[in-house]
Number of protein chains: 2
Amino acid sequence: MKAEPRASDLSGPSRARDRGSIRRANLALVLRMLRDEGPLSRARIATGTGLPKPTVTSLVAELVGLGLAGEGPTRREGAVGRPGTLVRIDGRHICGIGVEISTSYVHVLALTLGGEVAFEHRTAVAVGDAGADAVLDLTARAIARCTAALGRAGARAVGLTVAVPGVVDTRAGAVRYAPALGWRDVAVTAGLLDRLGAAALPLTVENDAKLGAVAEHAHGRIPDMVCITGERGIGAGIISGGRLLRGSAGFAGEVGHMPLDPERRPCVCGRAGCWETMVGLDAILRLAADADDEVHDQGVALERRLAVLHDRADAGDVRTREALERVADALGLGIALLADVLNPGRVVLGGYFTHIGDLILDRVREVVAERVMAPDGGGCEVALSRLGFTAAARGGAHLALGAVYQDPGAVG
Amino acid sequence: MKAEPRASDLSGPSRARDRGSIRRANLALVLRMLRDEGPLSRARIATGTGLPKPTVTSLVAELVGLGLAGEGPTRREGAVGRPGTLVRIDGRHICGIGVEISTSYVHVLALTLGGEVAFEHRTAVAVGDAGADAVLDLTARAIARCTAALGRAGARAVGLTVAVPGVVDTRAGAVRYAPALGWRDVAVTAGLLDRLGAAALPLTVENDAKLGAVAEHAHGRIPDMVCITGERGIGAGIISGGRLLRGSAGFAGEVGHMPLDPERRPCVCGRAGCWETMVGLDAILRLAADADDEVHDQGVALERRLAVLHDRADAGDVRTREALERVADALGLGIALLADVLNPGRVVLGGYFTHIGDLILDRVREVVAERVMAPDGGGCEVALSRLGFTAAARGGAHLALGAVYQDPGAVG
């Protein structure tokens, strides 16, 4: 029986290094440094990693051979010295695929190692009505089209992550409970692997808010972040110490049902006073307009309806402005709580919040600054996501590409 | 300028390995494996780490030479094969020191690498009345007595951590705000280093709840935990993925002011409805007894007063039982929130909760099981701390010993 040293360790991960694994680890180290700091000279890589220059030269040659790095422009570093040729991430032919299954669409997006979008396609579908089997059929076809398109372009995918708005059992590759989709206990990994057959890739299923956080982290590399997705439900992805916080069974980030409303309005979960009854999409629409108002018309795209609200607020409509103010106050209340618990350097608002963000952000920041216990709000800044509705799929693609940064030689 | 690869990385820490550092890393790996799994044969260490047996033999010899490991009892592994001599952690002469500055005492505790208490002393002092300078004088003297005692026993301390109930700026080594002590902006590290002079050790200041969590983690090695300390104020230490969650500026774990009480009772923080007004020590005493009742007499030790409450509950006193029930409900409410956000495998209740724990635990567990969104409470179990009032000092000692597990050769 093999006794694995446990990962749970305040002193950091335990992994043995032999000479073969050292080279692989150093290869990964150089690749991550290029990802995090952009194009660098070999001399700079040597200084930054502490590796001897000949080792760096040899590692860079291997990365170039694998197609993961390339020679960039020549740049003079500092005021003196000769110009150095820069090394940069290449990896045009290596992709990660992210698939978001949302209430109204299946979105497939492939990112190259360099961060370019290599493929993107969205299929409109009423997921709740279609049923899980039909949605998995459709998703498998969309994935197959994506991998075929990548193949024609001379690229290949190293892995795939499926994002779902709900409680996901990542180990089992199953969705436990996704009320927005009407799903309960859907075996996504097994279902897709069956359908994809020989074309199957390493496949992970993860909660959409968590993957949104992975995408935000990839863009800012802030080590401690909370990313809040606002739809009808409210979810969070938490990055802690540069790592996605999953918790003991992968269920972390369930922030929508924090009991924060003293008015104790009933929630879809069966309880009362949940945060999402104060800041979810239904709350803003209910506060801003009567039931027969056009903004409640589900036949109209959400972006359009939010634009109507935005126009009304711009025109000074009192009810709309008061509704936004109330949502901003409640948003600030919950964010301050999360900031007290987690002390993030940044909280990113995604989903529907991005469409009304300019109207609420100042107020949210005020409430957070006022409520957080730590001095200066613990340094927490509140920002809007710039990734829009692609965040979850992008995060899935980034997660899939993570394998390359762990062991470039195995997948290059 | 040296460009350090950033620690913020979803792919794990980036550190270059050369041949010198490999040996150090493998030495640390073997030592951590012995800590986590107890006495092991060299063969088992080789299997577990993936290192060649001759390398393991040489690493073990080095650890024994440093006094960090020793030969344990002989044990037959499995049904067949010859008996193997076991290797175990020794390190009797290597200690970490933890110092807790609490409202009513300064507690100094030294742990050996093997986890034995090598020194322990508590000085009663009304910290709030004495003033920070006098308390640092007293603390420095207590530390000097501890190191002298260790020296006489042939041991030495590799580091020291000071635990304080408040908001700590760990980087600056200063307490920003500790209302329980009446401290604001006290430079603990500088103050102690001045007083200790030549006898000074590597010194860290940390929040007491965080160190309590380090101690709980050291005993159970549950990778995802929340440890709640209950005194007049409520604090939490969070372990996530086997690491202490500090947040971007070290302020994580401020759970006492989550706005959970619809009755909005005023809090010492100036707000209303904070969790600690529902579950803190003042709440249970207020609910259980009138102002002139003996349980409010601060001249009597807290343990005694809680014992009085316990006796009344045992005798079936209705008011006491109702008070306990209300605190249990409110405790469950907040724990469920934290379980939704963090999905810990275990929540540990420390501080005053340990004295009434048997009276509230069942009810707390019921509320948590009922409220947590994830299936089966996300696997979260609620338990009472067994470390009592020594948790913070113990955690400080463990944190100080962490340096040995990072680089055994440097401190052995």
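1. B:Asp133, at a relative accessible area of 55%, is exposed. The term salt bridge stands for a side-chain nitrogen of Lys or Arg within 4 Å of a carboxyl oxygen of Asp or Glu.

2. The model is predicted, so local features need pLDDT of at least 70 and side-chain atom pairs count only at pLDDT 80 or more, whereas totals for chains, interfaces and linings use all residues. Residues are numbered from 1 along each chain as its sequence is written, chains are lettered from A and ligands numbered from 1 in the order in which they are written, and side-chain values use heavy atoms, with hydrogens and water left out.

3. Chain A contains 14 helices and 16 strands, these being DSSP runs numbered from the N terminus, with helices (H or I) of at least four residues and strands (E) of at least two. The C-alpha trace of chain A spans about 70 × 50 × 50 Å along its principal axes.

4. Of the 412 residues in chain A, 57% are buried. Among contacts (heavy atoms within 4.5 Å) in chain A between residues at least 6 apart in sequence, 61% join residues at least 24 apart. Chain A exposes about 16500 Å², of which carbon and sulfur atoms supply 49%; accessible areas come from the Shrake-Rupley method with a 1.4 Å probe, and for residues only the protein chains shown count as cover.

5. Over all chains, a search of the whole structure finds 38 salt bridges. One of these joins the side chains of A:Arg363 and A:Asp329 at 2.6 Å, N to O; A:Arg363 lies in helix α12 (residues 353-371) of chain A and A:Asp329 in helix α11 (residues 318-342) of chain A, so the bridge ties together parts that are 34 residues apart in sequence. Both ends are partly exposed, A:Arg363 at 31% and A:Asp329 at 27% relative accessibility.

6. A further salt bridge pairs the side chains of A:Arg346 and A:Glu381 at 2.6 Å, N to O, linking distant parts of the chain, since A:Arg346 is in strand β15 (residues 346-351) of chain A and A:Glu381 in strand β16 (residues 381-384) of chain A, 35 residues apart. A:Arg346 is partly exposed at 24%, and A:Glu381 is partly exposed at 38%. Elsewhere, A:Arg35, A:Asp36 and A:Arg221 are linked in a network of salt bridges.

7. A:His398 sits in helix α13 (residues 391-406) of chain A and is partly exposed, with a relative accessible area of 22%. Leaving aside residues up to four places away in sequence, A:His398 touches A:Leu111, A:Val214, A:Ala215, A:Ala218 and A:His219. The C-alpha atoms of A:His398 and A:Val214 are separated by 7.2 Å, although these residues are 184 residues apart along the chain.

Notes. Buried means under 20% relative accessible area, exposed over 50%, partly exposed in between (1.4 Å probe, protein chains only).
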